[in-house]
Amino acid sequence: MSARYQLSGTTAVEISAGIESGIRTGALSPGAPLPPVRALAADLGVSPATVARAYQELRQRGLLVTAGRHGTRVRPRPPVAARRSALRPPPLPGARDLSRGEPDRRLLPPLGPHLAALAADSGPSVSYSDAGVLPELAEAARARLDADGVPAGELTITGGALDGIERLLGAHLRPGDAVAMEDPGWANLLDLVAALGLRPIGVPVDDEGPMVAGVAAALAAGARALVVTSRAQNPTGSAISAERAEALRALLAGRRDLLLIEDDHAAELARVPLHPLAGATASWAFLRSVSKPFGPDLRLAVLAGDETTVARVAGRTRVGAGWVSTVLQRLVLALWSDPAVDELVRRAAQSYEQRRDGLLTALAEHGLRAHGRSGINVWLPVADETSAVTALRDAGWAVAPGALYRIAAAPAVRVTVSSLHTDDLAPLAAALAHAANPTPPPGFPT
Ligand SMILES: Cc1ncc(COP(=O)(O)O)c(C=O)c1O
């Protein structure tokens, strides 16, 4: 904990408000330890139960985490800071930043021409009464999903995949319910699950997707929802294979007590076929985001699912935000309809594949087996994350520590390959090899 930040308050509400304010202003930084319940209670002259209630409330809202003997800490990315970028330590000046998990901006299709075309033909303005999912967009989305074997009879539009996941979890689960999710898995999903007061149950992943025994164990432990990534799993790059999909479908078949959420965020950018689980359970949703192939700022995803699930999300959206702007919907439709954009996305996918495979091959030459079957990230197991991230930083590379993505999975670092050049591969692989297995100091037994 920051030596400067004084916790105060005599009621649970005051104590939790003080901690929240410390996190918001940065006085309590991500990961900062909080005093043990009894110590803080003695300091403040209140009962331990009062402090325990304050910690409990902040844990349920995803601001704090309690991990056994490590005590209570501020979550690495608590949901109260204004800007996500403010939660990442900035890379050292001059360092190459491979920590962000974002597509290469230069490979995104330019929006300008399509925005200009929309401006020239903006049509009648859309009002509250006639807004909603554009039928033309729904039809185009259905055709794309049908081609991939996703039964997309019912669908709606959300403000991105994560917005869809939040709406799905909010509509089906209650605080305290358990969510099975990949481990390692997407950091933002871990943050969201914590912020909703849900309990994550980690499901181990290999290159072919979530492991069947892990899903079975999560179901046995009472998971009410299962979130899986179809392809380009973040952070490992795993993609659900045909065999894994078949085994998972058999395991999930007919389950009525589980919401199945599939996240196909890589979509057109994935260079491996889709093997959907859609429809295996009574309640299911399949999300396809446009962020990675067409640009994260479009904030749009298609959500297909069973009638009840889609109606819950669409109905909840209607009474809240209302709808996803038809301006954005028309822009996405224009991008989907342009063969030149298709070609740019195809080339981007090929280019990411080359960079990823290039890095995996360069690492293999150092005897390292990393993961990255699809997508824009490579996941490299390391002996010690903190020293690996530090050694890489000293060598001029910023990578993401695996702790952001792990529940119980082994330490690793995530390297985003989207901005790499061919010339980078050899020096980066050498730096990663050194960081993954640092040379022991001379004179010490190995
Ligand atoms: C697993 C996963 N899902 C979804 C997304 C994108 O979500 P959105 O559509 O909300 O931009 C990302 C982006 O990094 C991701 O890694």
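Axes here are lines fitted to C-alpha atoms, for helices over the stretch in contact, and angles between N-to-C directions run from 0 to 180 degrees. With that in hand, welcome to some close-up views of this predicted model.

**View 1. Helix 4 and helix 12 cross at roughly 125 degrees.** The axes of helix 4 (residues 112–120) and helix 12 (residues 326–336) come within 10 Å of each other. Angles of 65 to 115 degrees count as roughly perpendicular and those over 145 as roughly antiparallel, so helix 4 and helix 12 are oblique to each other. Their crossing is right-handed. On the helix 4 side, look for His114, Leu115 and Leu118; they meet Val327, Arg330, Leu331, Ala334 and Leu335 of helix 12. The residues of this contact comprise six nonpolar, one polar and one charged.

**View 2. Helix 7 is mostly covered.** Eight of the nine residues in this helix (187–195) are buried. Reading along the helix, the buried residues are Ala187, Asn188, Leu189, Leu190, Asp191, Leu192, Val193 and Ala194. Their packing partners are helix 3 (48–60), helix 6 (161–172), strand 5, strand 6 (199–206) and strand 8. After helix 7 comes Gly197, with a positive phi near 75 degrees.

**View 3. A cis peptide bond joins Asp183 and Pro184.** Omega is about 5 degrees at this bond. Pro184 sits in the loop between strand 5 (178–183) and helix 7.

**View 4. The loop between strand 8 (225–229) and helix 9 (242–252) holds Pro235 and Ala232.** A cis peptide bond joins Asn234 to Pro235, with omega of about 20 degrees. Ala232 has a positive phi of about 50 degrees, although this residue is not a glycine. Most residues other than glycine have a negative phi. With a relative accessibility of 6%, Ala232 counts as buried, because the cut-off for buried is under 20%.

**View 5. Arg299 has a positive phi, near 45 degrees.** Here too the residue is other than glycine. Arg299 lies in the loop between helix 10 (291–294) and strand 11 (301–305). Its relative accessibility is 36%. Buried means under 20% and exposed means over 50%, so Arg299 counts as partly exposed.

Terms used. Residues numbered from 1 in each chain as written. Predicted model: local features only at pLDDT ≥ 70, side-chain atom pairs only at ≥ 80, totals over all residues. Heavy atoms only, no water. Helix = DSSP H or I, 4+ residues; strand = E, 2+ residues; numbered from the N terminus. Parallel < 35°, antiparallel > 145°, perpendicular 65-115°, else oblique. Left-handed = near helix turned anticlockwise from the far one by under 90°. Contact = heavy atoms within 4.5 Å. Nonpolar A, V, L, I, M, F, W, Y, C, P; charged D, E, K, R; others polar. Buried < 20%, exposed > 50% of the residue type's maximum accessible area, 1.4 Å probe, protein only.
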